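This report describes a single protein chain, treating confidence, the sheet and the aromatic pairs in turn.

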Amino acid sequence: MAHSIEEKGREVKHHMRDGKTNAQARKIKKYNEKSDESSHVDLAPMVDIAFLLLTFFMMTTSFSKPNVFQIGLPEDSKGGGKGVEVNQLYVLTIQISKSGNIYMHRGIEGEQNKPVLVPFDQIEKQARSYRKSVLDDPLNSTKSDIVTVVKIDPQSIYGVMIASLDEIYNAGITKWATVELKPEESAKLEEYDKSANK
């Protein structure tokens, strides 16, 4: 333990009072000072190493980039946004039911064009096929890409929705509109689910 100068002076006086000579008292004082030095721990190298390690990890660490969807919000009526005419045959509608089943159809839904239940592992293949048929259509002189609408039941499983959107993206469809299913559409999909499970 380090002693102050006053304490050391007091020790020398104490030793001199004990009958020791001035030289002996000074030797004892020097010995005490040396023993104080030997017990001192220099923390500077440890702090240097800590800062070197900290700098190393800061320079070499790469943080993962967030995996997010880019969302394009529509302009309001005052924003001067223009409507675009879309050929109904070039519209692909994907519906995700409450149970997580995926239904697809191209064009306007009707008695002759009902949504088809697509197994999850076939989503990419089916979407790619629809897209290719639109791009290869001889009437599609401008080579417009397929317009995709994804209708999602509000009570569907979030993980199923994200996995389905990933499959659609893998099919080459990079832009789509997400819409919430109306109650009557949800009820219709429930009927389809029941008939599919029979």
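## Confidence

Among the elements of the protein chain, mean pLDDT (the predictor's confidence in each residue, from 0 to 100) is lowest in helix α1 (residues 5-17), at 70, and highest in helix α3 (residues 44-60), at 94; helices (H or I, at least four residues) and strands (E, at least two) are DSSP runs, numbered from the N terminus. The protein chain averages a pLDDT of 82, and 84% of the residues score at least 70. Where pLDDT is low, the predicted coordinates should not be read in detail.

This is a predicted model, in which local features need pLDDT of at least 70 and side-chain atom pairs count only at pLDDT 80 or more, while totals for chains, interfaces and linings use all residues. Residues are numbered from 1 along each chain as its sequence is written, and side-chain values use heavy atoms, with hydrogens and water left out.

## Sheet

Five strands form an open sheet of mixed pairing, in the order β3-β2-β1-β4-β5, where two strands pair if DSSP finds at least two bridges between them. Because β3 (116-118) and β5 (177-180) stand at the edges with a single partner strand each, one side of each is left without a neighbour in the sheet. Strands β1 (residues 91-96) and β4 (residues 147-152) run parallel and are joined by six bridges, with T93 opposite V149 in β4.

## Aromatic pairs

A search of the whole structure finds two aromatic pairs (Phe, Tyr or Trp rings, the six-membered one for Trp, with centres within 6.5 Å; planes under 30 degrees apart are stacked, over 60 edge-to-face, the rest tilted). The rings of F56 and F57 are edge-to-face, because their planes lie at 70°, with centres 5.4 Å apart. The rings of Y103 and Y192, with centres 5.7 Å apart and planes at 45°, are therefore tilted; this pair links distant parts of the chain, Y103 being in strand β2 (residues 102-106) and Y192 in helix α6 (residues 183-197), 89 residues apart.
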